[in-house]
Amino acid sequence: MTSDRSDRRDDTRPDTRRELLQGTLDLLILKTLALEPMHGWGISQRIRQMSDEVLQVHQGSLYPAVHRLERQGWIRSSWGTSENNRRAKFYELTAAGRKRLAEETETWELLADAVSRVLQFA
Amino acid sequence: MSRLRSVWHRLLTLVGRPRLERDLDDEVRFHLEMEIEQNRARGMSRREARSAALRSFGGVDQVKEACRDERGVPWLETTVQDARWAVRSLRKTPAFTLTAIVVLALGVGGTTALFSVVHGVLLEPLPLPEPDRLVALWESNEERGWDRANAAPANLLDWRERTESFTGITAHSWTQGWALSGVSAGPERIRGVQVLGNFFEVFGVAPRIGPGLDPEAHWATGEKVVVLSHGLWQRRFGGDREIVGRRIELDGVPRTVAGVAPPGFTYPEEDLDAWIPFDWQPGFRSAVWFRRAHMLRPVGRLAPGVGVDRAREELAAVADRLAEEYPETNRNFGAGLTPLREWTTGDAGRPLWILLAATGLVLLVACADVANLLLARTTARGRELALRSALGAPRTRIVRQLVTESLTLAAFGGLAGIALAYWGTRVLGVLAREALPRLDAVSVDGPVLAFAVAVTAAAGLLFGVGPALRMARAPAARALQGGARGGSSRGGGKLGLPSSRRLLVLSEVALAVILVVGAGLLLRSFRQVMETDPGFRSAGRAAMSFDLPEARYPESERVLALQRELLERLEARAGVESAALASSLPLEGAQWTADFTVDDWPPDRYGIDFARRIVSPGYFQTMGVPVLLGRGFRPGDDESSRPVVVVNETLARQHFGDQSPVGRRIAFTRDPADASVWREVVGVVGDEAIESLTAGGRPEIFVPLGQELLGEPGLPHRHPDLVVHTAGADPATAVPVVRGTLHALDPALPLYDVRTLEQMVARDASRQRLLTTLLGLFALVALALATVGIYGLMSYSVLQQRREIGVRLALGARPGRVVGRIVGRGMALFGAGLALGLAGALVLARVLESLLFRVEPTDPTTLALAAALLTATALAATLLPARTAARIDPMETLRTD
C-alpha cells in the first residue's frame, strides 16, 4: 500500500498494490486505536489481521501518518513496555480523536455507497 | 482546538528537538526488532531476519524525515537551514560578499544616522509631563509684518484671566546673563531667564529640592528669590542639600535660593542655569508701556479635553476684544499658538526631511547595486540551482532560499550599517552643533534601531526578490548544458545583458543625477550666502559683551563714563586700530524696534518697526560700514549736545525715496504732536545684515552713545557689545587686552560671549553649510555607487560578449572600433539614465526651493555641470572595461567554449 506522496521512494512488492488515499489510512489507524492503545508495529499487524492480509501498511506510510495524527491531536503517545518487555511508544485515541473517527467513518460510508452506486449503474 | 494543539506541538518540537530525535530512533528500532523477531520465528537466520526487516522497512532515514516533516515547523526550520547555507555560500565568494556588505552598510548606515537626527530633533517628545498639551503663545501684527512675536505683559495677564482653554499660562523673558557672586570660587557669568511665578507649575515640573516659586512671585514682594538648575547646583554648589535659603548675588542683587529644578529641565535653553521671577510693581498693570513692550515668551498648558484649534479660536477672540478695548496699543494685534514641540524645532523640520529623503535615494542606489551584483552572481550559479530544480525542489522553495540568502546578506550589511550609523551620528552631532536644536536627544536608541532593522529587511527584500524570481524562472535545461553562456541565453538584448540589469543601472544613474543636481544647487546657494555682503567688514574684528548692572552702576553717568573710559584706553593700546560699542551687533537680531515719524509728515503717516541701535562714535569706522551721505557720529555727539541720528540705506530708500534725509528731523513716536525730542538726521550709512545674511536690509536708526538718555524712556543701555578692530590679522589677540583693560576699570565685570566677526558670519550660515555638506556627501556616495554599477555592468558585458568580440577582431575589425562600439552602447544606456535623472531633478528640485538663496531650482548651470560630471565618470567607467575588450586575443576566445 502506498500513500499519496510522490517524492517517497517506494519498496515495490511483488504482490498486488492498491492505491489508498492518505485520509483512508488515517481512518484505519484511528479505528485500530479505538479498539485498544498500541504501538506502531502493533497497528500495522492489526490492520493486516483485520483485513485478512489485504491491507499491508508500509512503514513509510504508517509512521508519518501516526506522527501527523498525533500532531493534529487525534491521538496521543506515551512510552511503555511492550508485551515482550521492550520499551515502545504506545498511541491511544483522544476524545477529539474519537469524535473524528465517528465523523470520518460516516463520510467514508457515504462516499463508498455513492461510488458503488455509480459503478453499478448500467 | 485541534489547531491550537497542532501549533503547540510544532512549537514543542522546536524546543525539544534532541529528545524527539531519540524517541524517533527508539520507535523505529523497536519496530525493526519486532520484525526481526517475527522473521526469526518464521525460521530465518539472524542475518537474514535483519536484512529482510530492513528491506521491508524501506529507507529508515526517509521514514524518519517524513515523520519529522509531519511534526516539525517546516518553514522555520528550513529557513534556519537556508540561512546557514546562505552564510556558507557567501563565504565562498568573499569579493562579492564584501562589496555587497560595504554598499549596504553605506545605504543603511546613512539612512539610520540621519533618522536618528530626525527622530531626536523632530519626533521625540519633549521630556516633560504630557508634552503634547503644551503650546507656545504669541502675538502677531500684519501691519508690521510681525508673526509669532513676543507678547506684552498686560496682554498676557488678560489672556490668563479671560480664557478657559488653558489650565495655566506662564511666560519667560529672553535669555540673560548675570554675574554670580557671593559664592566661593570667584564670580562667574551664568545664563538665566525671568519667569512668571507659575512657570514650573505649567510645565508640570516639581523642584527637586525646596518649595520653588510662588504662583504670583512675579509681583514684587520685596523678597528676591532664585531657582537654580540642577546642573548649576551640582557644579557650583556641590549638590549642597542645605542650599534652600542660602543667599547668593546675581549682578550684585542678593537673592535667596528657593529651590533646585529637577535634572534634565532647563527650558528654554539647553544649558540654562537659573530662573528668577519678574519684579513687577502693581502699578504696571495699567501702564501703557506694559501693554506695549513685547518682551515675554508665553507658554500655556491646554486644559483637559481642549483641542489646539479650540484654544486657538478662543485666544484669537480675546485678542480681538483687546484690540477694541485698547486701540492705541493693540490695534491690528492678533494672537495665536503653536504646539511647543513644533515651536522648539523651528524651521529645522523641512531640511531634515529632505536630507532623510536623500539618504533614502542613496539606499535605493545601494539596493540597485547589490541587486545587480546578485544577478551577476546567480547567473554564475545557474547550474547549481538548475540541478536542485531537477532534483525536485519546487520553485517556491528555491525562491524562498534565494530570498533568505538576500535577507541574510542584508542582515550583515545592516549590522555594518548600524555600526556606521553609531559613528555617523556622533559626527553629525559635532557638525550640526550650531545648526540644529535639541541635538542632545539624538542617539541611536530603540526606535532608531527598529528603523534600521526595518530598513534592512526592506532593502533585503527589495534587492532579493527580483533576482530570486528571475533565477527560478530560468530554464533549467539550458543552464545544465553548460558553458559560461548562461547569461546570454535568456533575452540577451543589447550588450548581451538581460534587460533587468540594464534597467537597474539606468535607475542608479537617474537617482545619482538627482542627488548630484540637488547637491550642486545647495552648493551654489551656499556660495551665494557666503558671498553676500554682510554690510560690514569681518576680517580682523572681534566682539565681546559685558553688563553694567543697576546694582553696581545705578547712575547713568557712571554707565556712560565707564564705556567711554574703556574705549579711550583701548584705542590707546598698540595693536588696536579702533574700538566701538553698540547696543547690539549685526547678525544677532534686532533688540529694540519702534515707530518713528518725520517732522513734516501728517499724523497718520509714520514709519513702523525700525531697529534702533545705540553706537559709540567710532562704530561705523570700526565695523567698516560705509557712510553714503552726510557724516557718521563724532565724539562731540553726546547727551549734552544737539540730538542727532544716522539712518541706514534701507530706511532712507523706503521712507525718503530719492531725496536725501540729511537735515530732516525724526522723533521716536507715531504722532508728531507726542514728540518730546526731535533728532536731526546727519548721515546715511550702508545696510548691515541684522537678522541674517539672507534676510536683506532692515530700516535702522542709529543713536549716538549718551543720547539714548534723551526722551523716552531715557534709560542707559546696560548690555553693550564691544567690537575691536586689531591691527594684526588675528582678532583673538584683542581678547586678553580687553579683559585686562576692563579688569583694571572694574574687576567685578566679567567679559563674555567672545566671538570674532568672522565666526558670527560663519554661524549664520551654519545650517546652510550643514545641509550642503551632507547632501554633497550623499551625492558623492551615490555617484560612486552608480559608477561602480556601470563599471560592473560593462565588465560583465564584455565578458559575455567575448566570443563575438573575438570573432570581430579575427575578421579584421580595428580594436579602436571595437572599443568605440562598446563605449557607445554603454554611454547610450548611461544617457538614458541621465535624461531620466535630469527630468526627475527638474520635478523634484522644487522641494529644495525654500532652502535655496538666489538660486533657481531649475538653474541651468547646475544641471549642466552635474550632467558633465556624471558623463565624465560614466565615460571612465565604460572606457576601462572596453579597453580590456580590445586586448582580447581572438584565437583564445575562439578556441575555448
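**Entry 1: a bridge between chains**

I looked up the salt bridge between B:Glu37 and A:Arg86, whose closest N and O atoms are 2.3 Å apart. A salt bridge is a side-chain nitrogen of Lys or Arg within 4 Å of a carboxyl oxygen of Asp or Glu. The pair crosses between chains, from helix 2 (residues 17-41) of chain B to the loop between strand 2 (75-81) and strand 3 (87-93) of chain A. I noted that helices (H or I, at least four residues) and strands (E, at least two) are DSSP runs, numbered from the N terminus. B:Glu37 counts as partly exposed because its relative accessibility is 36%, and A:Arg86 counts as partly exposed at 24%. For these words, buried means under 20% relative accessible area, exposed over 50%, and partly exposed in between (1.4 Å probe, protein chains only).

I recorded that the model is predicted: local features need pLDDT of at least 70, side-chain atom pairs count only at pLDDT 80 or more, and totals for chains, interfaces and linings use all residues. Residues are numbered from 1 along each chain as its sequence is written, chains are lettered from A and ligands numbered from 1 in the order in which they are written, and side-chain values use heavy atoms, with hydrogens and water left out.

**Entry 2: further salt bridges**

I found a total of 41 salt bridges over all chains. Side chains of opposite charge can pair when their charged atoms come close.

I then examined B:Arg524 and B:Asp859, whose side chains meet in a salt bridge (2.4 Å, N to O). This pair links distant parts of the chain, 335 residues apart: B:Arg524 is in helix 20 (residues 499-531) of chain B, and B:Asp859 is in the loop between helix 28 (815-844) and helix 29 (860-886) of chain B. B:Arg524 is partly exposed at 32%, whereas B:Asp859 counts as buried at 10%.

Another salt bridge joins B:Arg642 to B:Glu680, with the closest N and O atoms 2.2 Å apart. B:Arg642 is partly exposed, with a relative accessible area of 46%, and B:Glu680 is partly exposed at 23%. I also noted a network of salt bridges that links B:Asp158, B:Glu161, B:Arg285 and B:Arg291.

I located a nonpolar surface patch of about 530 Å², made by B:Val102, B:Leu106, B:Leu420, B:Trp423, B:Val427 and B:Leu431. Patches are made of residues with over 30% relative accessible area and no salt bridge; like charges are joined within 9 Å, and nonpolar side chains (Val, Leu, Ile, Met, Phe, Trp, Tyr) within 5 Å. Accessible areas come from the Shrake-Rupley method with a 1.4 Å probe, and for residues only the protein chains shown count as cover. Helix 16 of chain B gives the largest share of the patch, 4 residues. B:Val102 lies in helix 6 of chain B and is partly exposed at 48% relative accessibility.

**Entry 3: backbone details**

I checked the peptide bond from B:Tyr267 to B:Pro268, which is cis, with omega near 5°. B:Pro268 is found in the loop between strand 8 (253-260) and strand 9 (274-277) of chain B.

B:Leu587 has phi near 65°, a positive value in a residue other than glycine. B:Leu587 counts as buried at 12% relative accessibility.
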